[in-house]
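Please put together a short report on this structure.

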Amino acid sequence: MPLKYLPNVVTLELDAARCNGCGMCATVCPHAVFAVGAGQARIGDRDACMECGACARNCPNEAISVRAGVGCAAGIIAGLLGGIGPASACAPSAGVKS
Amino acid sequence: MTGAPFVTGRVSTPAGEVPRASTALSWRDHWGTLFVRLAMGRMAYTVEPGLYAVGSPSPESPVLVSANYKLSFDHLRSRLGGLDAWILVLDTKGINVWCAAGKGTFGTDEIVRRVAATRLAEVVTGRRLILPQLGAPGVSAHEVTRQTRFGVVYGPVRAADIPEFLRAGMKATPGMRRVRFGIRDRAVLIPVELVIGAKLIFGVASVMVLLGGLVRWGYSVDRAAASAPGVAALALAAFAFPVVLVPLLLPWLPGRAFAVKGAWVGAAMALGLYLAAHAGVVNPGGRLELWGWMAGWTALASYVAMNFTGASTYTSLSGVYAEMKRAIPAQAVLAAAAAVLWISGRLAGS
Ligand code: SF4
Ligand code: SF4
């Protein structure tokens, strides 16, 4: 059973007019959000997006925008308390992330 | 670190000697891994950045890029047995690929710097870098190519798939590109989550043990001491249960928000406590105290689960903000109710 997070929250946007269908977004996305075909990328399962920002950063035509960040409540709380950015408390321990 | 224990020799190249890293993990590497996993989740466990060889690589051999977190590096080299390759270790401040990519330390600038510092262009003719896919949030492949004239290929998410990826002519199957969060992935996180949360819960338990001495018109050390073991046990249980149960049961817990999943675990625990108290198995004190514990357990389990978002592999920043905005007020109200119930219970029973 695939784990699904909250629906209709992510900030992912694709500007189809800028896309040339190179496929880079589909390559880097760890959640298979994009489908590319006929010279054009398409957002498939938008709610699966974790806003890692990989697609936007690797799109050579700047066709993708997303508010990238780490979905980490502890990091956000530490950021609010200590004035550091939310990403700073990302636990480097996560085994799957090695 | 030329004397690093995993270095088994050197390979000479036009850019100087390059240490050869073993593809076998020693007992020392295994101990280090265990240590990092079990206790010291956040200690620095690093490898010297730079270029390494595995096997007997030639100028045409592939170049794999890694982080200088020793677990990342060990993981990678242990999967390369029988292969000839180069490993370019970036300086990610001892942080794993994914987290470092999120912070940008596994990023375009560091790749450009490290390619220049190691004089990689003199070592290899292939002019291609293989990056772990999970490094992509920090890297702009076309930017790396523009600045270094090295092409970028994103390899599979898991190091275990690298040999197959190379054999297939640097093609990853769709499965190799997906991040998973299976029960084993979740279970290995439990020890570190226990360590990270320990400070909070020992703090809460200590305060409660001290408050246990409150009597209506003053304070009784004897009373605090008498109730201390029971109070401490219930406070620690409030933390230990959700830290273990939430990761293990994640897909089966109702709701999508982690705070909701945790609240269900907490509610089930509270029900268990209620039944155990009525059966006389545990004695949390009077009725007010019991209800205080039940509210507190639910609030804390919800909070603990919410803090597990950062360890998961599928939560977005927007989603976590959205759930925090609703969950934190609810948790605060529940925690305040728990405190009022419990303290009035203590006073009433004194
Ligand atoms: S990376 Fe950009 S240009 Fe390439 S397919 Fe995706 S959106 Fe289109
Ligand atoms: S931000 Fe990350 S998860 Fe979301 S679509 Fe882009 S690559 Fe996929």
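The report below covers the model, its chains, its ligand shells and its salt bridges.

## Basis

This is a predicted model: local features need pLDDT of at least 70, side-chain atom pairs count only at pLDDT 80 or more, and totals for chains, interfaces and linings use all residues. Residues are numbered from 1 along each chain as its sequence is written, chains are lettered from A and ligands numbered from 1 in the order in which they are written, and side-chain values use heavy atoms, with hydrogens and water left out.

## Chain A

Chain A holds three helices and four strands. Their order along the sequence is β-α-β-β-α-β-α. Helices (H or I, at least four residues) and strands (E, at least two) are DSSP runs, numbered from the N terminus. Of the 98 residues in chain A, 45% are buried. Buried means under 20% relative accessible area, exposed over 50%, and partly exposed in between (1.4 Å probe, protein chains only).

## Ligand shells

The shell around ligand 1 has 14 residues; Cys19(A), Cys22(A), Gly23(A), Cys25(A) and Cys59(A) come nearest. A residue is near a molecule if one of its heavy atoms lies within 4 Å of it. By class, this shell has ten nonpolar, four polar and no charged residues. Ala, Val, Leu, Ile, Met, Phe, Trp, Tyr, Cys and Pro count as nonpolar, Asp, Glu, Lys and Arg as charged, and the others, Gly among them, as polar.

Residues around ligand 2 include Cys29(A), Cys49(A), Cys52(A) and Cys55(A). Glu51(A) is also among them. The ligand 2 shell divides into ten nonpolar, one polar and one charged.

## Chain B domains

Chain B is assigned domain 1 (7-177) and domain 2 (183-348). These bounds come from an automatic or database domain assignment. The two domain centres, taken over C-alpha atoms, are 41 Å apart.

## Salt bridges

The whole structure has 14 salt bridges over all chains. Each is a side-chain nitrogen of Lys or Arg within 4 Å of a carboxyl oxygen of Asp or Glu. Asp45(A) pairs with Lys4(A), with closest N and O atoms 2.9 Å apart. Asp45(A) lies in the loop between β3 (40-43) and α2 (54-58) of chain A and Lys4(A) in the segment before β1 (13-14), so the pair ties together parts 41 residues apart in sequence.

In chain B, Arg77(B) bridges to Asp29(B), also with closest N and O atoms 2.9 Å apart. Arg77(B) is in helix α2 (residues 70-78) and Asp29(B) in helix α1, so this pair joins parts 48 residues apart in sequence. Both residues, Arg77(B) and Asp29(B), are buried.
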